[in-house]
Structure formats: structure tokens, C-alpha cells
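Colleague: Could you put the model up? I'd like to go through the aromatic side chains and then the cores.

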Amino acid sequence: MKTNRREFMRRWGSAVGSATVLGPWHGLLARYARGEETGVAPGFGPLRSCVDETTGLPLIKLPEGFRYISFGWNGDAMVDGIPTPPLHDGMGVVASNQNEVILCRNHEINVGPSPFGADEITYDTNAGGGCTQLRFDTKSGSWIESRSCLSGTVKNCAGGATPWNTWLSCEETVLGPGDLVNGQPAPLQQAHGWIFDVPIDNQSTPVPLTEMGRFVHEAVAVDPESGIVYETEDRETSGFYRFLPNVVGNLARGGRLQMLKLPRCEDLRQGIQGDATYDVQWVDIEDPTLAHSPGTEDSLGVFNQGKIQQAATFARLEGCWFDGQTAYFVSTSGGDAKCGQVWAYLPAEHQLRLVFESPDKHLLKMPDNMTVSPRGGILLCEDSGEVGQRLQGLTTCGRVFPLAANDMVLQGEKNGIIGDFREQEFAGVTFSPDGEWLFVNIQTPGITFAITGPWQEGLV
């Protein structure tokens with residue numbers, strides 16, 4: 001199953017962004033410059049309790065007219081006989097063919113006790129993380145199957161889909177054999193902190209792409225024209241990186257890792273004007289495999305190589321998405337209110353622009369995973385710790401609205417799972433290529449949803 005270049009470009013859309021003015025987002029920047037208020041949009045209307053069509057349980061809240069189908073609960077048997085692992089995180093559509101969509105989903109599991117997948121797809125026999133693959137029929141609105149596709153990794157947090165129909169799964173750690181975890185040496189057999197390229201044909205070779213860097217990875221996004229991969233880092237002091245491949249579409253052939261630098265500003269965590277636009281430079285990372293600064297265990301070996309060259313510092317970079325010749329990425333705790341920023345890098349212009357900064361936690365608090373809709377607008381998964389975690393929409397007019405809220409309280413009705421999970425985050429948000437189905441996870445207890453409804457232009 002393949003997706004050609006034209007289909008890929010259509011999938012990622014061009015409704016948001018352009019090489020010159022960020023498309024409809026340019027109006028938002030202009031309003032910031034004039035000091036005009038952004039705020040809450042009406043969206044699709046108020047959220048209401050909504051029953052899952054798979055279990056009959058009220059798991060999430062949605063606007064009137066929307067519905068959803070759950071699948072891949074933690075513990076559900078997959079077609080390879082393996083129970084679905086927990087901690088569902090980043091996810092993306094890697095291929096589609098007529099009505100069938102293939103997704104790859106990360107599982108942010110830490111060290112051990114053992115891999116969940118078969119030996120041939122396992123990187124480290126003492127690591128518990130990895131990826132699973134899911135198939136969905138968009139015409140019938142039904143889930144088909146799931147299976148394991150990468151195993152034996154650590155804290156597979158986010159990642160991103162590629163134009164060559166694979167999933168780049170990222171480890172959010174730099175742990176290695178003997179490193180301390182909760183005061184005890186980690187029983188790992190391999191070094192971690194890498195990106196893995198996971199194919200859809202279940203023939204994964206678990207070999208790390210070491211030249212793409214060893215750091216606390218979060219998400220990636222691929223420019224389909226140049227093949228350049230943009231990478232985010234989830235730390236309080238984070239860098240924004242790009243990987244220039246030697247061979248487009250074959251990351252295993254190596255390349256060059258660089259970190260973003262702004263000649264006029266080194267720290268973008270706070271104090272940024274709403275109309276901020278910066279010229280961008282890039283500095284080379286001499287040793288992308290360096291986990292720590294020399295003589296330390298700070299997990300900043302890559303970051304500090306950039307900082308020595310005055311590269312830019314962000315606050316907790318997480319979600320990343322390439323759309324309309326623009327790389328969008330999220331700073332979870334950035335901004336004066338420390339509630340989050342959305343940035344846009346325009347490669348053709350060599351410019352970085354602030355798209356949105358949350359002024360208040362009630363409007364938007366700590367966005368994490370993100371996607372750009374084929375209709376325009378951005379969806380942001382909050383990771384705020386609040387009861388009733390939200391999936392938030394950001395319109396091209398700079399207005400925020402809730403699309404979904406976590407309403408999950410279980411009493412053992414499914415797989416014996418008991419607990420109040422309303423504080424658990426949404427993750428892995430992504431659309432089907434036709435834009436009619438939205439896929440998203442709730443990380444704990446570990447569930448995937450397919451959501452559809454009366455989508456509108458200008459919202460999401």
C-alpha cells in the first residue's frame with residue numbers, strides 16, 4: 001500500500017500557510033501587531049456527554065452532531081496475539097488506499113520488564129516501549145485490526161509520518177545500560193535516545209538512526225519536497241533541530257544535524273512580542289550521538305553543542321507538523337503565562353514566526369501533540385493535569401475552542417479497568433487524508449478513538 005507524492009501533498013493540505021505569508025495565519029499575526037484581542041471561538045458549540053459506539057460508555061464529551069468509535073484498549077488482543085500495550089501517545093497516518101487508512105501509534109513505556117513484540121522487531125530485550133499499527137475503514141467507519149510493529153525501545157513519545165509511508169518513532173530519553181532509574185541501574189542492553197524508521201509492511205528492522213541525534217526527542221515533521229526532517233526536544237531548555245539527509249527518503253544513509261539559531265535572540269521562552277518574526281540561521285551539531293555534556297549526566301550533549309554557537313532556547317518543544325511549506329511546532333510551557341506557544345518556521349523565507357501564545361490557562365494550557373487540519377486550523381492536545389483534559393481547536397483567526405474533553409470514569413466495564421481518568425491527556429491527534437475522520441488517543445488507560453462529525457471550513 002503506497003501513497004504517491006500528489007496524494008501525500010493533498011493529505012497534508014495547503015489550506016494553512018504559504019512560502020510567503022503563512023496563508024490565513026497572516027491575519028492573526030497582523031491582529032497581534034495591532035494589539036487586538038484573540039480569545040474563545042464559538043467552535044462547534046458546547047460539549048456534551050457522548051456515548052462510545054464500541055462500548056456504549058460515555059468516555060469523552062463532543063459537540064452536538066459528532067460521534068466516535070473506540071478501539072485498541074490497553075489489554076485488547078491484536079491480530080498477532082499480543083495484548084495491546086499501554087500508554088498510547090504519538091500517532092499518525094502513514095498510508096491510505098481507497099477506504100483503508102493505516103496508522104502507527106507510539107507507546108510511551110519506560111524500561112522493562114520485557115518487550116511486547118516479537119524478537120525480529122525488538123531493539124533491546126530489556127525495554128518495554130515501541131509502536132503498534134492500526135487499520136481503519138473510512139467508508140464503513142469501522143476499525144479493522146492492529147498489530148505490533150516496533151518493540152524494545154524506551155518512552156516512544158511522539159514522532160511523525162514520512163512521505164515514503166513510514167513512521168518515525170522518537171525516544172524521549174537518553175538512558176543507556178547502567179544509568180540510574182529511581183535510584184537503580186537500568187537493566188538495558190542498548191543505548192537509547194534515538195529515532196527509528198518504522199515501515200508499514202511489518203518488516204521493521206530496529207536499527208536507530210544515530211545521525212539524527214541522541215537527545216530527549218518528542219516529535220518530527222518531514223518536508224515532502226526537500227526531505228528535511230524537523231525535530232523537537234522536550235526539556236525546559238529545548239532546541240529546534242533539522243536533519244539534512246544525504247539521500248532523500250533514506251534516512252539510514254545518514255546526514256547532517258543542525259540546530260536553529262536567531263541572530264537577534266537566544267531565548268524564546270518568554271518576553272516575545274505578538275508580531276515576532278526572526279531571520280533564521282542553522283548551526284551544525286558536530287557529534288549528534290553525544291548524550292550528555294562532558295563530565296555530566298545532564299542529557300544535554302546535543303543541545304549544548306548548539307548553545308556554544310548561540311543557538312536558540314525554547315521551553316519544552318513538543319508537537320510538530322509540516323503543512324503548506326511551513327513547519328509548525330509547539331512550546332508546551334512557553335510564553336509569559338507559561339501556558340504555551342505555537343511557532344511556525346518558513347523554510348523558503350528562512351524565517352521563524354510566533355503564530356499564537358496563550359495568555360491564560362483557561363484559554364489554552366500546555367499544548368502537546370498537534371495536527372493541522374485539511375480545512376485550515378490547528379488541533380492541540382492539552383497536557384495540563386486538569387480534570388476534563390481538552391482537545392483544543394485554534395482557528396486561523398486566532399480563536400481557541402474546545403473540540404473534546406476527557407469524561408472517562410470506569411468501573412471495570414472494559415478489560416477490568418477501574419479509575420477516574422479525566423486528568424489523562426489526549427495524544428496522537430491526526431486526520432484521515434479525506435479530513436472526515438479524526439484519530440486521537442487518551443494516553444491512560446490507553447484507548448484510540450475515531451471521531452467524525454459536521455466539520456466546517458475555518459474551524460478544523
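Colleague: Which residues do ring pairs link into a cluster?
Modeller: Tyr 230, Phe 240, Trp 282, Phe 314, Phe 322, Phe 329, Trp 343 and Tyr 345. Rings of Phe, Tyr and Trp (its six-membered ring) pair if their centres lie within 6.5 Å; planes under 30 degrees apart are stacked, over 60 edge-to-face, the rest tilted. This is a predicted model, where local features need pLDDT of at least 70 and side-chain atom pairs pLDDT 80 or more, while totals for chains, interfaces and linings use all residues. Residues are numbered from 1 along each chain as its sequence is written, and side-chain values use heavy atoms, without hydrogens or water.

Colleague: How many aromatic pairs in the whole structure?
Modeller: The search finds 22. One of them is Phe 44 with Trp 455, edge-to-face, 6.1 Å centre to centre and 85° between the planes.

Colleague: How many residues apart in sequence are the parts it ties together?
Modeller: 411, because Phe 44 is in the loop between α2 (25-34) and β1 (47-51) and Trp 455 in the segment after β31 (447-452). Helices (H or I, at least four residues) and strands (E, at least two) are DSSP runs, numbered from the N terminus.

Colleague: Is Phe 44 buried or exposed?
Modeller: Buried, at 12% relative accessibility; the cut-off is under 20% relative accessible area, with exposed over 50% and partly exposed in between (1.4 Å probe, protein chains only). Trp 455 is also buried, at 13%.

Colleague: Switching topic, which residues have the most contacts inside the largest nonpolar core?
Modeller: Leu 391, Leu 403, Leu 438, Phe 449 and Ile 451, in a core of 32 residues. Such a core is a set of buried Ala, Val, Leu, Ile, Met, Phe, Trp, Tyr and Cys residues joined through side-chain atoms within 4.5 Å.
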